[in-house]
Amino acid sequence: MKCQHCEKPATFHITELTEPSGPTVLHLCEEHARTFLSSDGTATPASALASLLAKQLKMEKVAEELAISDKKTCPICGISFADFRKGGRLGCAYDYVAFEDDLEPLLVNIHGALAHTGKVPTNQSGSPERQHRLMQLKSEMKEAITREDYESASRLRDKISKIELDDESSWTDDALEEDMDEDQDDEDDTFQADPPIV
Amino acid sequence: MRGHGPESDIVMSSRIRLARNLAEFPFIRKCTPKDRTAIATAVHRALDSLPLSADTEYVDVAKLGDLDRQFLMERQLISHELNESQGARAVILDPKERFSIMVNEEDHLRLQVMQSGLDLESAWKRMDQLDDQLESKLTYAFTKRLGYLTACPTNVGTGLRVSVMLHLPALVATKQIDKVFRALNKINVAVRGLFGEGSQFMGDFYQISNQTTLGKSELGLVAKVQEVVPRLIEYERRARDFLVSESRQDLHDNVSRALGILCTAKKISSEETMHYLSKVRMGVNLGLIEDVKIPTVNKLFIHTQPAHLQKLCGRKLSVTDRNIERANYLQLHLSKRSESENN
């Protein structure tokens with residue numbers, strides 16, 4: 001018997017018991033068996049994910065919606081949802097924000113849950129929103145410098161260092177929203193730490 | 001794999017891994033070569049400032065030759081992905097092999113803690129401390145809602161995989177294994193048959209692990225795997241008792257023949273070796289083979305793998321030469337049984 005993935009003889013016959021459809025028998029050569037066996041727990045995450053995605057998309061999405069999802073692109077790393085569907089891997093942490101609506105049903109499907117209840121790091125400044133905001137501000141600052149608008153550039157620099165110096169307690173979603181609001185309707189030179197008065 | 005620890009006649013090893021990513025870099029698939037180098041440097045620097053660096057070795061995997069990489073893979077210190085991928089990547093090794101940290105694998109960091117026998121809680125405790133130490137120097141991609149963010153959504157949340165490697169030859173021999181595992185699948189615990197039923201060569205090893213990583217605490221996930229294992233051990237023990245009571249002579253014959261082949265073969269493949277070592281292991285555990293010890297058998301499982309054999313010989317060997325060398329090695333260690341135990 002030949003290996004399922006190449007022309008070599010299949011010397012390993014593996015019964016995969018984790019398939020939802022029941023046990024599946026794989027016939028592999030030594031090399032492909034090693035590849036298969038050395039993956040950790042989830043035998044072929046990409047293929048498992050692909051079949052999950054396919055199933056989910058078939059059930060819940062019509063072609064039109066799917067095409068819309070597929071075209072969505074992450075502003076940070078540039079991968080599209082279609083790229084993710086093909087490879088089974090995300091391009092950056094911000095993809096969880098950029099593809100939130102499309103990933104949620106998938107996460108429910110995989111984990112049966114949508115909320116993290118485990119360990120929390122002491123240093124919580126690693127949120128993708130914060131990274132995104134920093135990148136935005138840095139590119140705005142660069143632009144300001146290019147057009148020799150040093151006043152704006154220095155204001156942006158202060159904002160950046162403020163975010164970079166902030167510990168986890170002051171970098172929250174609320175602070176992010178305030179900051180965004182300020183950008184839209186506030187010309188103040190300084191970052192407003194207090195919530196805007198309504 | 002040293003053959004000690006709770007339930008070590010059936011449980012080979014307990015293993016816990018965590019997936020972590022650094023907040024300021026894209027995930028691996030979008031990393032430039034420069035990013036990969038910067039990640040490795042950041043981790044190396046973080047490690048250097050930790051007390052843990054005194055007892056660990058930082059290995060630049062990209063600089064290792066094929067044989068060394070395969071050797072680390074056979075010892076399960078690095079994964080297939082880290083072995084095969086290109087670009088800057090590393091592994092931080094504990095000399096006692098109680099943990100390893102892979103850098104630039106599927107995620108920026110893959111921490112794993114290994115333990116002989118069944119002891120998941122203490123493995124988790126050590127992992128938690130290791131993670132705390134690294135986290136004090138590195139900023140992980142994390143959100144309150146989804147937890148630790150990973151390249152594959154199957155790992156998001158805790159990034160935790162708890163797995164236990166079991167040797168279940170009697171459940172295989174009595175053809176009960178599928179039935180047992182079908183029941184397990186219903187409770188979100190994954191089972192992978194490494195060398196499954198119906199195959200000519202089988203090692204009878206099965207890995208039990210959690211399927212989900214989001215929505216439960218780390219200890220909750222540990223408990224989930226932990227609660228299943230004693231039941232499996234119990235089933236396996238009952239199946240062994242059954243085999244002994246029903247057909248002790250057949251069983252004795254079977255395991256003794258396996259030992260005979262391993263002791264006398266002149267050429268033997270790694271699959272065949274695993275198949276017979278599995279039988280011998282059960283024979284030793286049932287008291288049917290008296291002069292071989294479990295640590296010797298466990299060691300042979302590892303040392304007869306291709307890269308280990310070549311390392312032991314100190315040179316590269318063709319498949320045929322490896323089969324000859326493997327037969328020699330088995331003969332040496334199984335015929336001088338009592339002397340080899342302490343090696």
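The paragraphs below lead through this predicted model, beginning with chain A and then turning to chain B. Because the model is predicted, local features need pLDDT of at least 70 and side-chain atom pairs count only at pLDDT 80 or more, while totals for chains, interfaces and linings use all residues. Residues are numbered from 1 along each chain as its sequence is written, and chains are lettered from A and ligands numbered from 1 in the order in which they are written.

Chain A has 9 helices and 2 strands, where helices (H or I, at least four residues) and strands (E, at least two) are DSSP runs, numbered from the N terminus. Along the sequence of chain A, these elements follow the pattern β-β-α-α-α-α-α-α-α-α-α. Chain A holds 198 residues, of which 27% count as buried; a residue is buried if 20 or more other C-beta atoms lie within 10 Å of its own, exposed if 12 or fewer, and partly exposed in between, with C-beta atoms placed from the backbone. Two residues are in contact if their C-beta atoms, placed from the backbone, lie within 7 Å, and among the contacts in chain A between residues at least 6 apart in sequence, 39% join residues at least 24 apart.

In the loop of chain A between α7 (128-146) and α8 (150-165) stands A:Glu148, a residue other than glycine whose phi is positive, near 60°. A:Glu148 counts as exposed because it has 7 C-beta neighbours inside 10 Å.

The phi of B:Glu97 is a positive value near 60° in a residue other than glycine, and B:Glu97 is found in the loop between β3 (90-93) and β4 (99-103) of chain B. With 13 other C-beta atoms within 10 Å, B:Glu97 is partly exposed.

What of the interior? In soluble globular proteins, nonpolar side chains tend to be buried together. A nonpolar core is a set of buried Ala, Val, Leu, Ile, Met, Phe, Trp, Tyr and Cys residues joined through C-beta atoms within 7 Å. The largest such core has 115 residues, and those with the most contacts inside it are B:Val91, B:Val103, B:Leu166 and B:Val280. Helix α7 (residues 218-264) of chain B gives the most to this core, with 10 residues. Leaving aside residues up to four places away in sequence, B:Val91 touches several residues, including B:Val59, B:Leu72, B:Ile101 and B:Val103.

Finally, B:Asn185 lies in helix α6 (residues 177-185) of chain B and is partly exposed, with 17 other C-beta atoms within 10 Å.
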